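Look at the structure first, then read on.

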Amino acid sequence: MECMKSNISVVIATHKRPVYLDKALESVFRQTVLPAEIIVSEDGLDPETERVVTRYRGRGIPIRYERHEPKLGQLKNRNAALQLASCEYVAILDDDDEWCETYLQKTWEALEHHPQCGFCFTDHYLIDTQGNILHEESDRCSQQFGRAAQ
């Protein structure tokens with residue numbers, strides 16, 4: 001079954017974390033609703049990061065890859081990527097994060113059903129270096145930031 005494409009740009013800012021970026025990109029390609037474009041903005045020059053991005057080209061979602069040398073710094077790098085987004089909606093994915101398969105679908109549906117909203121965010125899990133969910137730590141984080149009551 002082919003996934004429906006949305007009017008969402010996915011923006012990923014990165015700096016020398018190709019292993020994490022690979023997992024982040026894979027999570028984008030597993031979505032039940034695909035973005036219309038992906039923008040990867042690299043802060044600096046890292047040949048391995050470029051190789052990761054190249055592996056995902058030709059898989060049905062256009063990927064724009066920008067490199068910044070000299071480095072811009074984390075915030076300016078993300079802002080540079082945001083400036084390149086061309087869709088109605090923009091989803092920001094950190095290079096060391098992954099989305100569950102329905103993330104874009106649920107986010108897009110929520111925004112489409114509530115056009116008065118200009119921003120949407122979700123809760124998240126904290127994980128260890130082996131990819132295991134840390135449930136207690138995640139629950140504490142949700143409570144600390146007021147996301148526990150749903």
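E42 sits in strand 4. The model is predicted. In it, E42 is buried but forms no salt bridge.

- The nearest side chain of opposite charge is that of R67, 5.4 Å away. A salt bridge needs the charged atoms within 4 Å.
- R67 belongs to strand 5 and stands opposite E42.
- The side chain of E42 does reach a backbone nitrogen, that of D46, at 2.5 Å.
- Leaving aside residues up to four places away in sequence, E42 touches T14, T49, Y65, E66, R67, H68 and N77.

**The sheet**
- Strand 4 covers residues 37-43. Strand 4 pairs with strand 5 in the parallel sense, over 6 bridges.
- The open sheet has 4 strands, in the order 5-4-2-6, and the pairing is parallel.
- Strand 5 (63-68) and strand 6 (89-92) are the edge strands, and each pairs on one side only.
- From one strand to the next, the twist averages 20°.

**Helices against the sheet**
- Helix 1 (residues 18-29) packs on the sheet. Helix 1 touches strand 2 (8-14), strand 4 and strand 5.
- The direction of helix 1 makes about 170° with that of strand 4.
- Helix 3 (residues 74-84) lies across strand 2, strand 4, strand 5 and strand 6.
- Helix 3 runs at about 150° to strand 4.

Technical notes. Residues numbered from 1 in each chain as written. Predicted model: local features only at pLDDT ≥ 70, side-chain atom pairs only at ≥ 80, totals over all residues. Heavy atoms only, no water. Pairing = 2+ DSSP bridges. Helix = DSSP H or I, 4+ residues; strand = E, 2+ residues; numbered from the N terminus. Axes fitted to C-alpha atoms, helices over the stretch in contact; angles between N-to-C directions. Contact = heavy atoms within 4.5 Å. Buried < 20%, exposed > 50% of the residue type's maximum accessible area, 1.4 Å probe, protein only. Lys, Arg positive; Asp, Glu negative; His and termini not counted. Polar contact = N/O pair within 3.5 Å; in protein donor to acceptor, adjacent residues only side chain to side chain.
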